[in-house]
Amino acid sequence: MTTAARSTLLTGIGELTTSDPALGTLHDAALVLEGARVAWLGDAGAAPAADDVVDVDGRAVLPGWVDSHTHLVFAGDRTEEFEARMAGKPYEAGGIAVTVEATRGASDAALRANLARHLAEAYAQGTTCVETKTGYGLSTVDEERSARIAAELADEVTYLGAHLVPPGHDPNSYVDLVRGEMLDAVTPYVGWADVFCERGAFDEHDSAKVLRAAGQQGLGLRVHGNQLGEGPGVRLAVEHGAASVDHCTYLSDADVDALAGSDTVATLLPACDLSTRQPLAPARRLLDAGATIALASNANPGSSYTTSMAFCVTTAVLQMGLSVTEAVHAATAGGARALRRDTGDGAVGTLRVGARADVHVLDAPSATHLAYRPGVPLTWAVWRRGEEVSPRRRPT
Ligand code: NIG
């Protein structure tokens with residue numbers, strides 16, 4: 001005999017952002033979670049009975065954030081590099097090597113604990129789906145264990161052996177390693193492969209070699225591109241049918257047109273742009289051209305040490321010209337699209353019947369408060385896969 005999954009009715013919802021264009025934003029709404037799925041949503045007055053009832057007392061409810069770009073398998077700290085940057089030193093890809101050394105020296109248990117701690121930090125702020133990457137191992141053995149540990153805890157795992165040519169390696173033989181033995185070692189644990197196509201990292205030719213090999217292996221593709229200047233990253237991503245090209249800080253008109261005419265999501269990382277003293281990515285230009293955008297934290301110890309998706313949304317509204325609706329959409333449905341998890345049973349980033357029961361309740365009457373009250377921790381409660389993941393804040 002099968003037992004029905006336990007159900008929870010969230011009622012008294014002042015504003016329900018679904019991030020589903022067909023449903024829009026509902027008021028005086030209710031939502032039923034059953035097991036790990038959304039079972040019902042609509043007018044509070046028409047809500048069915050459920051095993052448990054939570055009255056959110058007029059608060060705003062959103063889909064959990066989908067953080068589609070993080071680098072959380074790491075050890076060590078780069079406070080000094082950050083301080084030097086704030087004093088005027090430019091960000092360079094080479095800083096990655098500092099984290100590589102610390103990561104190689106850490107035990108599996110220490111890497112796992114650090115990842116778990118950062119995921120818990122993210123969940124407590126309303127993030128419910130997280131992609132994370134390898135890329136601080138850069139040897140077959142260290143990339144394999146990074147991928148294995150990531151796969152234990154994260155929703156999506158990306159192989160980023162092509163993050164930097166490790167000091168002391170010949171670039172050509174390193175690219176061969178990344179697309180050969182290292183790729184074979186990580187493939188059982190990852191769904192995606194990525195390449196950092198940027199000056200100081202990998203050029204277009206080598207990036208294309210890595211993407212081709214990963215595609216032949218059946219992995220989905222992502223690209224780090226156009227972070228430190230205009231370059232081939234966006235074009236390469238679009239030409240290879242990558243699901244996402246991430247950073248997009250410096251875009252030519254041709255890049256914007258290419259993104260607008262493709263299925264490749266432009267994933268923007270405003271916390272990184274601020275922390276590396278770059279201009280903010282041209283979110284408004286991309287949306288106006290018809291491109292799909294995502295917002296993500298890029299949580300990593302070098303260029304963007306934050307797990308706060310709310311900070312990214314706030315920045316997108318206050319400084320990048322997006323409306324609250326556009327920014328919330330980019331941080332939920334946009335991230336889901338960048339991970340190709342936006343459709344079907346268990347989709348994330350939207351609240352609709354059949355979606356994963358990932359719910360973020362704000363201690364505020366509307367999502368507008370994310371920008372109206374910048375920096376204020378507004379998360380009141382979070383459900384991830386139907387389980388409440390952090391202690392609920394008491395009503396104030
Ligand atoms: O996305 N751009 C490449 N990788 C990371 C930075 C990693 C680091 O500096 O440690 C990023 O910004």
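At what angle do helix α5 and helix α7 pack, and how far apart are their axes?

**Entry 1: the helix pair.** I'm working from a predicted model. I looked up helix α5 (residues 171-179) against helix α7 (residues 204-216) and got an angle of about 20°, with the axes 9 Å apart. Angles under 35 degrees count as roughly parallel, so I'm noting α5 as roughly parallel to α7. The crossing of α5 past α7 is right-handed.

Next I checked who does the touching. From α5 I have Val175, Val178 and Arg179; from α7 I have Asp206, Lys209, Val210 and Ala213.

Entry 2: I traced the strand order next. It is an open sheet of eight strands, running β6-β7-β8-β9-β10-β11-β12-β13, with parallel pairing. Which strands stand at the edges? I found β6 (65-67) and β13 (293-295) there; each has a single partner strand, so one side of each has no neighbour in the sheet. From one strand to the next, the twist averages 25°.

I zoomed in on one pair: β8 (residues 156-162) and β9 (residues 192-197) pair in the parallel sense over three bridges. Tyrosine 159 sits opposite alanine 193 in β9.

**Entry 3: helices on the sheet.** I logged two helices here. Helix α3 (residues 108-123) packs on the sheet and touches β6 and β7 (127-133), its direction making about 145° with that of β7. Helix α12 (residues 309-319) also packs on the sheet, where I have it touching β6, β7 and β13; its direction makes about 130° with that of β13.

Definitions and conventions: Residues are numbered from 1 along each chain as its sequence is written. This is a predicted model: local features need pLDDT of at least 70, side-chain atom pairs count only at pLDDT 80 or more; totals for chains, interfaces and linings use all residues. Axes are lines fitted to C-alpha atoms, for helices over the stretch in contact, and angles run from 0 to 180 degrees between N-to-C directions. Helices (H or I, at least four residues) and strands (E, at least two) are DSSP runs, numbered from the N terminus. Angles under 35 degrees count as roughly parallel, over 145 as roughly antiparallel, 65 to 115 as roughly perpendicular and the rest as oblique. A crossing is left-handed if the near helix is turned anticlockwise from the far one by less than a right angle, and right-handed if clockwise. Two residues are in contact if their C-beta atoms, placed from the backbone, lie within 7 Å. Two strands pair if DSSP finds at least two bridges between them.
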